[in-house]
Amino acid sequence: LGAQSAIMKYTPVHRNFAWQSYNEQTASIDDSTFTTVGLVEQINTTRDMTDYLCVVIDHNEGFLKGGNWPVLSVMSAGHALQVYINGELADTVYGSLESPKVSFKEGVKLRPGVNKISLLSIAVGLPNVGPHFEMWNAGVLGPVSLSGLNEGRRDLTWQKWSYKIGLRGESLGLDSLSGVSNVEWVQGKFVTQKQPLTWYKTMFNAPAGNEPLALDMGDMGKGQVWINGQNIGRYWPAYTAKGSCGACNYAGYFSEKKCLKYCGDPSQRWYHVPRSWLKPTGNLMVVLEELGGDPNWISLMKKEINSICSDMNEWQPTLVNWHLQSSGRINKPLRPKAHLWCAPGQKITSIKFASFGTPEGSCGNYRQGGCHAPRSYDVFEKPMAQNPTFPTGRASAQISLARPDLNAKTNKHKSPSWLGLACYSWVGLEVEEASWPVRSDVHTVSALQSFSPACSLSWLTAQP
């Protein structure tokens, strides 16, 4: 109760980057790091220096009989797996949080003679929770087999495998300022699109202002991003949330599966870009796309607070008031007070929604409930009439709340009364330069709207 909530808004500041691309080549026997009989665990092999471990084997097959492609079966301890047959991607499979293990079982197009089977195993981080998590494995541990051959089924698990730790682009330092010139990039109409294992690079200037910045990676598949050589993290929009997002009801035993939201959406779409990493001009962005996304949809966004709201129960005192009363510093109930404040350079312009009664909804869609005091706005409008600079035009304000007449043109209600408040601001970051018109004619908008990046609102309550 009384906790502040916010709805963020993302505004594009840079689109249509001039991309260049470089295609990663699948590993071969010649450029392998080492060769061994059997399959090895990935984390111990890579020492967590890279997400990628490529496993390669040459398979010699005579003319196939029956007209059906042989079936390749691969079992992996996780977390993602790409299967290449003679340099062409056969498929990509990945596990989940509940079951990180993955399996591949599909018909593959082998040709008479020598065939190269390349398995790119991809990790997405180290486990850090659960019993004996330090003993959990990752990577292709088998079994690996081919069935449907002339000889029937062939077990490839304990044959000689060649390993390549990391990608060629990583060893060349394509993610760094010094290594980005180590390969020949293509540009213009020759830029690769929607191809797996592709590196992209572009240059951009830092946008004006001091708002937080983020990259919109919603149309990409899976990969990593670097800004001026700094890794901002892995992205994976292709991995979407699954479950049932029906009606919310917390009755009964608690479960994290209750009241799910955003089913079918990725767990993360926007990735923070620290302004401290940016130069005024000439910033390098490098993207490694694993699955085959389209970089032309990547946008640099500025992040602003669009809505800030709070609600409170008149019978629920704040922690501050409770401490004052329990310590004996005061011996009488405190009147409810609302404290509003904005960051430097921002102003409060108007109150858009107030309801003393039983308002419904949440931040962004507040609405009047069955019990509503028509004079709920008096506490805000009356000070405005007495003093034009309070609270509008100020960066902070304090309003004492008195109980309105709930019986005036409304239903009598014996349940606890709630107060849901929100305000609307059309003020820019710099008030003097703001071109947004102040609107004071609308009083039913259901959230605190603000074009300022850090305007905040908090309601402190005491006994009525």
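A pocket here is an open set of points on a 1 Å grid over the protein atoms alone, with protein on both sides within 12 Å along at least five of seven lines, and lining residues have an atom within 4 Å of a point.

Two notes before going on. Because the model is predicted, local features need pLDDT of at least 70 and side-chain atom pairs count only at pLDDT 80 or more, while totals for chains, interfaces and linings use all residues. Residues are numbered from 1 along each chain as its sequence is written, and side-chain values use heavy atoms, with hydrogens and water left out.

Back to the pocket: 36 residues line it, and Ser96, Leu97, Glu98, Val124 and Tyr239 lie nearest its centre. The lining comprises 18 nonpolar, 10 polar and 8 charged residues. In this grouping Ala, Val, Leu, Ile, Met, Phe, Trp, Tyr, Cys and Pro are nonpolar, Asp, Glu, Lys and Arg are charged, and the others, Gly among them, are polar.

Threonine 198 counts as buried because its relative accessibility is 0% (buried means under 20% relative accessible area, exposed over 50%, partly exposed in between, with a 1.4 Å probe and protein chains only). A polar atom of its side chain lies 2.9 Å from the backbone oxygen of glutamine 195. Leaving aside residues up to four places away in sequence, threonine 198 touches Ser21, Tyr22, Asn23, Thr192, Val287, Leu288 and Glu289 (contact means heavy atoms within 4.5 Å).

The backbone has some features to look at too. A cis peptide bond joins glycine 78 and histidine 79, with omega about 10 degrees, and another cis bond runs from glycine 142 to proline 143, with omega near 0 degrees.

| Residue | Phi | Relative accessible area |
|---|---|---|
| Lysine 194 | about 55 degrees | 57%, exposed |
| Cysteine 259 | about 55 degrees | 18%, buried |

Finally, confidence: the mean pLDDT (the predictor's confidence in each residue, from 0 to 100) is 76, and 71% of residues reach 70 or more. Over residues 404-464 the pLDDT is below 50. Where pLDDT is low, the predicted coordinates should not be read in detail.

Notes: 1 Å grid on protein atoms, 1.4 Å probe; cavity = no way out; pocket = protein on both sides within 12 Å on 5 of 7 lines; lining within 4 Å. Polar contact = N/O pair within 3.5 Å; in protein donor to acceptor, adjacent residues only side chain to side chain.
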